Amino acid sequence: GGDAMYGGGWLNDQRKIGLGLTGCGLLFGVIGVMLFFDRGLIAMGNLLFLAGLSTTIGFRNTLQFFMRRKNRKGAVFYLGGCAIVIYGWTVVGLVLELYGFWLLFCEFFPTALQFFRQVPFLGRILDLPLIKTVINRLAPMGGLPTTEYKR
């Protein structure tokens, strides 16, 4: 049963490292924002996120993802925001980055939300009326998918 995980399975060691780098990048970005938009932490978070993404799905696939016609606008905003953060306009760069991130990854949000609703604690938080209303407004494909889960 577990041989696929160690052979050519989806979650091989390279992808585990990539997901770890991506998670560290997101964490550095959040900490950088919490520490009053610390430029160094946010820039390091951007670098780790991009390194993690290219380690997880491969360098060529990462380039293809950013260069797809439907993703070009998001890529320009995200990468331009990264450059502006490094230049020194941290808040402006971060706003551009977040908009680009939204454009690039909004189609994955319903799937991620579906997963997070299955997690007992997170599912209850996502079902709170205020949070559910906000998510339904933001989600591009009709909001949160409805699921029944046992409490």
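**Figure 1. Surroundings of F49.** Contact here means heavy atoms within 4.5 Å. Not counting residues up to four places away in sequence, F49 touches L21, T22, G25, L26, Y78, F101 and F105. F49 also belongs to a cluster of F49, F65, F66, Y78, F101, F105 and F108, linked by ring pairs. The model is predicted: local features need pLDDT of at least 70, side-chain atom pairs count only at pLDDT 80 or more, and totals for chains, interfaces and linings use all residues. Residues are numbered from 1 along each chain as its sequence is written, and side-chain values use heavy atoms, with hydrogens and water left out.

**Figure 2. The largest nonpolar core.** A nonpolar core is a set of buried Ala, Val, Leu, Ile, Met, Phe, Trp, Tyr and Cys residues joined through side-chain atoms within 4.5 Å. Buried means under 20% relative accessible area, exposed over 50%, and partly exposed in between (1.4 Å probe, protein chains only). The largest core has nine residues in all: F49, L53, F65, F66, A75, Y78, C82, L104 and F105. At least two of its residues come from each of helix 3, helix 4 (59–67), helix 5 and helix 6. Helix 5 gives the most to this core, with three residues. Helices (H or I, at least four residues) and strands (E, at least two) are DSSP runs, numbered from the N terminus. In soluble globular proteins, nonpolar side chains tend to be buried together.

**Figure 3. Aromatic pairs.** Rings of Phe, Tyr and Trp (its six-membered ring) pair if their centres lie within 6.5 Å; planes under 30 degrees apart count as stacked, over 60 as edge-to-face and the rest as tilted. The count by this rule is twelve aromatic pairs. One of them is the edge-to-face pair of F77 and Y99, at 4.8 Å centre to centre with 90 degrees between the planes. This pair links distant parts of the chain, with F77 in helix 5 (residues 72–87) and Y99 in helix 6 (residues 90–105), 22 residues apart. F77 is partly exposed at a relative accessible area of 28%, and Y99 is partly exposed at 35%. The ring centres of Y87 and W89 are 5.4 Å apart and the planes are at 85 degrees, so this pair is edge-to-face. Y87 counts as exposed because its relative accessibility is 62%; W89, at 53%, also counts as exposed.

**Figure 4. I84 in helix 5.** I84 is found in helix 5 and counts as partly exposed, with 24% relative accessibility. Leaving aside neighbours within four places in sequence, I84 is in contact with W89, V92, G93 and L96. The C-alpha atoms of I84 and A43 are 9.7 Å apart in space, while the two residues are 41 residues apart in sequence.

**Figure 5. S54 in helix 3.** S54 is found in helix 3. S54 counts as buried because its relative accessibility is 18%. Apart from neighbours within four places in sequence, S54 is in contact with F59 and T62.

**Figure 6. The largest pocket.** On a 1 Å grid over the protein atoms alone, a pocket is an open set of points where a 1.4 Å probe fits, with protein on both sides within 12 Å along at least five of seven lines; lining residues have an atom within 4 Å of a point. Grid points are joined across faces, edges and corners, and a volume is the space filled by probe spheres set on the points. The largest pocket has a volume of about 860 Å³. Of its 25 lining residues, F101, F105, F108, F109 and A112 are the closest to its centre. Two or more lining residues come from each of helix 2 (13–34), helix 3 (39–57), helix 6, helix 7 (109–118), helix 8 (120–126) and helix 9 (129–138). Helix 7 gives the most, with six residues. The lining divides into 21 nonpolar, four polar and no charged residues. Ala, Val, Leu, Ile, Met, Phe, Trp, Tyr, Cys and Pro count as nonpolar, Asp, Glu, Lys and Arg as charged, and the others, Gly among them, as polar.

**Figure 7. The second largest pocket.** The second largest pocket holds about 340 Å³ of space. It is lined by 14 residues, of which L26, G29, L94, E97 and L98 lie nearest its centre. Helix 2, helix 3 and helix 6 each supply at least two lining residues, and the largest share, five residues, comes from helix 2. By class, the lining has nine nonpolar, four polar and one charged residues.
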